[in-house]
Amino acid sequence: MTPPRMYSDLAHLWPLMSPPAHYADEARHWRLALRAHLGPGDHEILELGVGGGNNLSHLTAEFRATAVDLSSAMLENSRRLNPSVTHHVGDMRTVRLGRTFAAVIAHDAVSYLTSEDDLRATFATAAAHLAPGGVFICAPDWYRESFRGPHASAHGPRGTDPEVTMFVLEFDPDPSDCTVESRYVFLVRRGAQVELVEDRHVLGLFPLATWTRLMADAGFRVEKRPYPVHADGHEAWLLVGVKS
């Protein structure tokens, strides 16, 4: 399967597609969850699948951060946005940095995990980077229970040059499996020239019970926190696991 272009030749457009300021409300929920378990202090945290670093950019004033992502092109966006963060190219399923952190977080990048084996491997990565009592937090975009596709949205334009208008259609072509598709259409305008670009993403779609069961199997005591950040109001949760 061809990897999404958003993480390769289109990565340079990411700051125009999704400005960091749009993540302020989401980051507030992450900050509250981290503080609830870690207490005060500039704790060290690791983000798996940091992408362009938008969510993390709202946490770096309070936490010392290290970040990992599989896409070196997307990491360049995060490096520019988060110069105080140590960045590594790596796969959240297999990366091992040889040290532990107070917390490991994985924003919506976990949505790209499309099998239970992927989930198990990622939870093992989180556990490997935490001492007992450390906290792991993740937030998939969808759970099987909350997906009511097809779901369409449009974003932009924002008066930049180049200017990107983004259309997204999320749908489930095969309800018997554990994936959904997101089809992106970008209109990229440079002056009077307009280019149409398409991109395809395949995302995991698992019941909430699958997430919590596999996190527990990895050695986490799991709780869920309400995460009301989606424009369509669909039910979402931050999954918080404390390592036993």
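Predicted model: local features only at pLDDT ≥ 70, side-chain atom pairs only at ≥ 80, totals over all residues.
Reader: Which residues of α4 are buried?

Author: They are D118, L119, T122, F123, T125, A126 and A127, and the word applies because a residue counts as buried when its relative accessible area is under 20%.

Reader: How do you know what span to expect for α4 (residues 116–128)?

Author: The expected span is 1.5 Å times one less than the number of residues. For the 13 residues of α4, this gives 18 Å, and the helix reaches 18 Å from its first C-alpha to its last, close to that expectation.

Reader: Why does the structure hold zero disulfides?

Author: A disulfide needs two cysteine sulfur atoms within 2.5 Å. The sulfur of C138 has its closest cysteine sulfur in C178, 16 Å away, and therefore too far for a bond.

Reader: Are C138 and C178 buried, partly exposed or exposed, and what makes them so?

Author: C138 has 0% relative accessibility, so it counts as buried. C178 has a relative accessible area of 27%, so it is partly exposed, since that class lies between the limits of 20% and 50%.

Reader: Why is V85 called buried?

Author: Its relative accessible area is 9%, and the cut-off for buried is under 20%, so the name applies to V85. V85 is found in the loop between α3 (72–81) and β3 (86–89). Not counting residues up to four places away in sequence, V85 touches L56, T60, A65, T66 and A67.

Reader: What is the strand order in the sheet of seven strands, and which strands stand at its edges?

Author: This open sheet has the order β3-β2-β1-β4-β5-β11-β10, with mixed pairing. The edge strands are β3 and β10, each of which pairs on one side only. Neighbouring strands are turned by 20 degrees against each other on average, with direction ignored.

Reader: How do you know that β1 and β2 are paired?

Author: Two strands pair if there are at least two bridges between them, and β1 and β2 (residues 64–69) have five, in the parallel sense. Within this pair, I45 stands opposite A65 in β2. On the sheet, α5 packs against β5, β10 and β11, and its direction makes about 15 degrees with that of β11.

Reader: Why are β6 and β9 (193–204) said to stand at the edges of the sheet of four strands?

Author: The order of that open sheet is β6-β7-β8-β9, with antiparallel pairing. Each of β6 and β9 has a single partner strand, so one side of each is left without a neighbour in the sheet. The twist averages 15 degrees from one strand to the next.

Reader: How many bridges join the strands of this sheet?

Author: Five bridges pair β6 (residues 151–155) with β7 (residues 163–171), nine pair β7 with β8 (residues 179–190), and 12 join β8 to β9. Each count meets the requirement of at least two. Among the facing residues, H151 stands opposite E170 in β7, F171 opposite E181 in β8, and V185 opposite E198 in β9.

Definitions and conventions: Residues numbered from 1 in each chain as written. Heavy atoms only, no water. Helix = DSSP H or I, 4+ residues; strand = E, 2+ residues; numbered from the N terminus. Buried < 20%, exposed > 50% of the residue type's maximum accessible area, 1.4 Å probe, protein only. Contact = heavy atoms within 4.5 Å. Axes fitted to C-alpha atoms, helices over the stretch in contact; angles between N-to-C directions.
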